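Reader: I would like to go through this model and ask, for each label attached to it, what value and what criterion stand behind the label.

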Amino acid sequence: MKKEDKSAIIVELQDQLGQYQHFYITNIEGLNAEKTSALRRACFKSDIKLLVAKNTLLKKALEAKGIDASLFDSLKGNTALMLCNTGNAPAKVIKEFTKDEKDKELAKPQLKAAYVEETVYVGDQNLEFLSTIKSKNELIAELIALLQSPAKNVVSALQSGGSTIHGVLKTLGERAE
């Protein structure tokens, strides 16, 4: 491959990494064409972009973006990149895709490393945690719901109390006649 081609690929990888907030580095070695197509479809449904890149070019793109160097040890063997804007989506896809495998050590795709919410996770043992992690937007939504809850309870109590008092007064007013 010519140096110009490599430079173009590095720039393209940097652009792809810049478009997405989170990425997972996975091993998809050994997947046949049918399973690879199924994985690509699952990624497409979850708004995940699946790319395969040479490790050296990916390393240079990550270095240029200023990504933590602890990811570089994961760039060995067959590497696929899963890019997304929802931090837990690739972990859920991987977990769902490998749930029927008997030997979890050999199941593919296999998580090598992940960059989620500006934190680096290295190793397949983090898959369970990453699948349950909540995104920033989910946490904000939960916080807003918690803050609104007491106000809703007060308004509800006032409304129900007002109708009860109104009902009692109406009954007493009808009784007096």
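Reader: Why is Asp47 called exposed?

Author: In this predicted model, Asp47 has a relative accessible area of 62%, and because exposed stands for values over 50%, Asp47 is counted as exposed. Asp47 is found in the loop between α2 and β2, just after α2.

Reader: What makes the backbone of Asp47 worth a remark?

Author: Asp47 takes a positive phi of about 60° although it is not a glycine. Glu117 likewise is not a glycine and has a positive phi, of about 50°, and Glu117 lies in the loop between β4 and β5.

Reader: Is Glu117 called buried, partly exposed or exposed, and why?

Author: The relative accessibility of Glu117 is 30%; since buried requires a value under 20% and exposed a value over 50%, with partly exposed in between, Glu117 counts as partly exposed.

Reader: How do you know that the length of α2 fits that of a helix?

Author: Helix α2 covers residues 33-45, which is 13 residues, and at 1.5 Å a residue these should span 18 Å. The expected span is 1.5 Å times one less than the number of residues, and because the end C-alpha atoms of α2 are 18 Å apart, the model agrees with the expectation.

Reader: Which residues of α2 are buried, and why are they said to line one face of the helix?

Author: The buried residues of α2 are Thr36, Leu39 and Cys43. Seen down the helix axis, the buried residues of α2 fall within an arc of 60°, so they line one face. These buried residues pack against β2 (49-52), β3 (80-84) and α4 (89-97), while the face turned away from the buried side carries the exposed residues Ala33, Glu34, Arg41, Phe44 and Lys45.

Reader: What makes a set of residues a nonpolar core, and which residues have the most contacts inside the largest one?

Author: The set is called a core because its members are buried residues of the nonpolar kinds, joined through side-chain atoms within 4.5 Å. The largest nonpolar core has 21 residues, and those with the most contacts inside it are Tyr24, Leu39, Cys43, Ile48, Met82, Ala114 and Leu130. At least two residues of this core come from each of α2, β3, α4, β4 (110-116) and α5, and the largest share, 4 residues, comes from α4. A second, separate core of 19 residues includes Leu17, Leu58, Leu71 and Tyr115.

Reader: Which residues is Ala114 in contact with, once its neighbours within four places in sequence are left aside?

Author: With those neighbours left aside, Ala114 is in contact with Phe23, Tyr24, Leu71, Thr119, Val120, Tyr121 and Leu130.

Reader: Why is Ile67 called buried, and where does Ile67 lie?

Author: Ile67 has a relative accessible area of 15%, and because buried means a value under 20%, Ile67 counts as buried. Ile67 lies in the loop between α3 (55-65) and β3, and, not counting residues up to four places away in sequence, Ile67 touches Phe23, Leu62, Phe72 and Tyr115.

Reader: How many helices and strands does the protein have, and where is confidence lowest and highest?

Author: The protein has 6 helices and 5 strands, and from the N terminus on they run α-β-α-β-α-β-α-β-β-α-α. The mean pLDDT is 82, and 89% of the residues reach 70 or more; confidence is lowest in helix α6 (residues 136-176), at a mean of 73, and highest in β3, at 91. Of the 177 residues of the protein, 34% count as buried.

Methods
Residues numbered from 1 in each chain as written. Predicted model: local features only at pLDDT ≥ 70, side-chain atom pairs only at ≥ 80, totals over all residues. Heavy atoms only, no water. Buried < 20%, exposed > 50% of the residue type's maximum accessible area, 1.4 Å probe, protein only. Arc of directions from axis to C-beta. Contact = heavy atoms within 4.5 Å. pLDDT = per-residue confidence, 0-100.
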